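Please open the model in a viewer and keep the selection tool at hand.

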Amino acid sequence: MIELKDIRKTYIMGETEVHALNGVSLNIDDGEFVAVIGPSGSGKSTLMNIIGCLDIADEGTYKLDGNNVNSLSEYELGVVRNKKVGFIFQQFNLLPKLTAFENVELPLIYQGLHLGERKKRAEECLNKVGLGDRMDHKPTELSGGQQQRVAIARALATEPTLILADEPTGNLDTKSGKEIMQMLVDLNKEGKGIVLITHDQWVANQADEQIKIVDGKIAVHKDKRRAAK
Amino acid sequence: MKFSQALKMAFMSLKGNKMRSFLTMLGIIIGVLAVTLLISIVQGATSELTGQVEDLGSNLLISQITSPKDVYLTIDDVEELEGVGGVDIVAASKSSNATAKAGTENEIATIEGVTEKYDVIMKLDMLNGRFFASMDVEAKTQNAVIGHELAMDLYGTTNCVGNSINVKGKDFTVIGVLEEADSMITTTDNTVFIPLLTYQRMFNDKQLGAIYVSAASPDAVDMAEETIEEFMLKELGDEDYYNVINQSAILEVMDKMLGIMTSLLTGIAAISLVVGGIGIMNIMLVSVSERTREIGIRKAIGAQKGDIMTQFLIESVVLSVAGGLIGLGLGIVGLMIFEQLMNLDLALTFGTAVLAIGFSAGVGIVFGIYPANKAANLKPIDALRYE
């Protein structure tokens with residue numbers, strides 16, 4: 001359960017202040033699939049970074065599963081990123097010197113799990129994204145779609161309740177993009193909450209809810225399910 | 001995160017940059033090599049020199065005489081000292097350089113006229129034949145005792161007792177050959193010893209060059225020194241005409257000098273280790289900024305500050321300790337080579353090895369902390385956005 005209330009975030013760029021988020025209030029229930037769309041510079045990435053605890057809001061309150069994130073220590077934020085959230089990035093953000101298996105294993109290493117458990121979970125996740133036979137390949141030896149699938153496996157490895165995807169199809173061809181989207185839709189059906197950032201309307205249409213952000217504010221909030229009712 | 005995992009990560013990252021890792025280590029390698037070589041060589045030389053001086057006997061006192069021609073001592077004067085005032089036995093000598101010939105060979109040698117107890121006081125060992133008896137000195141015989149190297153040069157063998165040797169046109173019979181001297185302080189290898197009175201007659205020289213006195217016991221050295229000072233002043237009449245050298249005083253001065261040299265060289269070597277450490281810090285800082293994005297990714301998937309800190313700190317410690325071990329290995333090889341070249345007994349002591357490795361690990365930690373801390377304190381979002 002994500003509860004955002006009047007979230008503001010301002011960046012200083014030279015001498016001008018940029019209000020990336022200018023009073024965003026939003027609730028997302030567990031297991032929901034929400035797409036955040038908006039033009040570049042609208043603040044949608046900032047929103048995702050705040051939800052994912054990569055960044056802290058200047059003002060407003062953010063409660064994640066009832067805990068006030070503003071009052072969490074640096075260590076606790078690290079635990080949240082590790083256990084509650086799985087990130088998927090536009091540039092995949094895999095570590096180039098590690099194999100697919102090692103990349104997926106990494107968040108589990110930071111959890112302090114022992115080798116047997118890490119191996120079991122990493123293999124499970126890689127099999128789930130269909131890369132069971134590519135585990136020993138380095139990212140450079142994989143196609144873009146495959147790399148993004150490794151990233152999804154990595155996001156799933158710690159069994160988080162929420163997946164945050166920042167333009168996951170942005171660097172992929174249409175076919176791979178569709179495959180990745182299908183994978184996210186399937187994950188949502190299995191109960192994972194997904195917050196997805198995109199500027200692609202087709203991608204956004206896969207989600208249950210669409211939130212359009214313009215100039216740091218929520219402009220439109222569409223709910224497919226409510227509309228269907 | 002477990003320590004073994006952090007260690008594995010550090011090794012992987014260093015392996016991924018082999019050339020850079022090696023060049024970074026080079027500073028520490030050279031530093032540790034310098035520390036081990038310098039300390040071991042100075043320690044080896046110190047014990048060697050100390051041993052040699054002790055071999056000469058800490059009971060030994062030497063008085064060098066520099067009086068004008070008409071002020072001189074006789075052997076009889078000197079022998080009066082024996083058994084008096086802490087003095088045990090006494091010897092005297094006078095030397096100059098001359099050509100020694102045997103057959104067609106000739107060599108410039110030190111010609112030294114000595115009394116019969118010279119060999120006892122100076123602890124000379126005979127290889128062949130005998131040293132002088134009192135009869136040789138009193139009767140001014142034409143007998144000679146020669147050094148090891150001179151025997152080899154003139155005769156090609158040390159079995160030359162009974163052969164004749166010509167010094168300044170006078171023929172002498174070789175009655176003894178000395179063992180090879182392994183001292184760095186004095187050498188008898190290229191010396192022709194002849195009886196002192198024979199020498200005085202031959203060179204028409206009544207002077208004594210030096211007298212050698214052994215004290216009755218180590219405790220009697222100071223007393224013997226006083227006795228000689230008094231005796232010399234009485235006989236020669238001027239303090240400027242002689243000096244008295246106390247062997248144990250020399251030893252003390254030498255110990256002090258070598259101590260200063262050890263700390264000086266160790267200091268220089270330690271400086272090179274610190275320079276190596278700065279090299280590590282430099283490369284680690286480069287590495288942190290190159291890997292900013294990696295740090296961001298690691299933090300995004302749950303790495304804690306401590307995990308990042310440990311990872312980078314281990315990298316710098318692995319670099320410095322590996323460099324230290326390689327340097328130590330090279331140092332041991334270097335010592336073996338020096339041992340052969342300098343004919344010294346050089347051993348790397350356990351203490352030196354521990355010091356070198358400990359110091360390099362310390363350098364790794366001290367110079368690794370700043371870059372590691374810098375990496376650990378990066379904000380995840382800034383690190384992720386870094387291009």
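Two residues are in contact here if their C-beta atoms, placed from the backbone, lie within 7 Å. The model is predicted.

Begin by selecting chain A, which holds eight helices and 10 strands. Along the principal axes, its C-alpha atoms fill a box of roughly 45 × 40 × 40 Å. Among contacts in chain A with a separation of 6 or more, 69% come from residues 24 or more positions apart.

Next, select Val36(A), Val104(A), Leu126(A), Ala153(A), Leu164(A), Val195(A) and Leu196(A): these have the most contacts inside the largest nonpolar core, a set of 113 residues. The element that gives the most to this core is H11(B), with 11 residues.

Now centre the view on Leu196(A). Which residues does Leu196(A) touch, not counting those up to four places away in sequence? They are Ala35(A), Val36(A), Ala165(A), Pro168(A), Leu184(A) and Ala207(A).

Finally, display both chains. Their contact takes 19 residues from chain A and 17 residues from chain B. On the chain B side, helix H1 (3-15), helix H10 (292-300), helix H11 (305-342) and helix H13 (380-385) are the elements that give two or more residues. Coloured by class, that side of chain B shows nine nonpolar, four polar and four charged residues.

Methods: Residues are numbered from 1 along each chain as its sequence is written. Chains are lettered from A and ligands numbered from 1 in the order in which they are written. This is a predicted model: local features need pLDDT of at least 70, side-chain atom pairs count only at pLDDT 80 or more; totals for chains, interfaces and linings use all residues. Helices (H or I, at least four residues) and strands (E, at least two) are DSSP runs, numbered from the N terminus. Ala, Val, Leu, Ile, Met, Phe, Trp, Tyr, Cys and Pro count as nonpolar, Asp, Glu, Lys and Arg as charged, and the others, Gly among them, as polar. A nonpolar core is a set of buried Ala, Val, Leu, Ile, Met, Phe, Trp, Tyr and Cys residues joined through C-beta atoms within 7 Å. A residue is buried if 20 or more other C-beta atoms lie within 10 Å of its own, exposed if 12 or fewer, and partly exposed in between; C-beta atoms are placed from the backbone.
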